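Subject: Handover of a structure and findings

Dear colleague,

Please find below the structure I am handing over to you, shown together with its sequence. My notes on what was found follow directly after it.

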Amino acid sequence: MRPTAARLDGMPGPKTFCPWWGDTSIHKQRGVVVYTVSPFRQRGSKAIFKGWLFNGYRRLAAQVPYWIVPFAIGYGTYTWAKRRDAWQNSKAGHLALGGHH
């Protein structure tokens, strides 16, 4: 039986539990159970688009109250400043503020 590449690299694996590299006092541990899932049974991207469509929408919708209020305040301030600047630079604004046109 040929050892795997992970076993050949010198790192202690999950079933050896040796304290450090090169330690010769490796004793078989009792009562330690290691569970793994086969890489052929794992599906990392199963239903990724369906999950994003519903769960992503739900998570984005939950964040709307946190970003819509600052966005509305910023947009309102921007439009007010643009209108005020245009009025101040107009003939009516100059006359109303006591300036000469």
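Which residues make the nonpolar surface patch of about 830 Å²? The patch is formed by Val64, Trp67, Ile68, Val69, Phe71, Ile73, Tyr75 and Tyr78. Please bear in mind that this is a predicted model, and that the remarks below should be read accordingly.

Confidence and overall architecture

Over the whole chain, the mean pLDDT is 78, with 68% of the residues at 70 or more. Confidence is highest in helix 2 (residues 48-88), where the mean is 91. The lowest value belongs to helix 1 (residues 5-8), with a mean of 52. Where pLDDT is low, the coordinates of a prediction should not be read in detail.

The chain contains 3 helices and 0 strands, and its pattern along the sequence is α-α-α. Of its 101 residues, 4% count as buried. The chain exposes about 10,000 Å², and 63% of that area is supplied by carbon and sulfur atoms.

Residues of the patch

Trp67, one of the residues of the nonpolar patch, is found in helix 2.

The structure holds 1 aromatic pair. The ring centres of Phe71 and Tyr75 lie 6.3 Å apart and the ring planes meet at 10°, so this pair is stacked; planes under 30 degrees apart count as such. How are these two residues placed along helix 2? Because Phe71 and Tyr75 are 4 residues apart in helix 2, about one helical turn separates them.

In summary, helix 2 has the highest confidence in the chain, and Trp67 as well as the stacked pair of Phe71 and Tyr75 are found in helix 2.

Yours sincerely

Conventions
Residues numbered from 1 in each chain as written. Predicted model: local features only at pLDDT ≥ 70, side-chain atom pairs only at ≥ 80, totals over all residues. Heavy atoms only, no water. pLDDT = per-residue confidence, 0-100. Patch = residues over 30% accessible without salt bridge, like charges linked within 9 Å, V, L, I, M, F, W, Y side chains within 5 Å. Areas by Shrake-Rupley, 256 points an atom, 1.4 Å probe, with all protein chains shown as cover. Salt bridge = Lys/Arg side-chain N within 4 Å of Asp/Glu carboxyl O. Buried < 20%, exposed > 50% of the residue type's maximum accessible area, 1.4 Å probe, protein only. Phe/Tyr/Trp six-rings, centres within 6.5 Å; stacked < 30°, edge-to-face > 60°.
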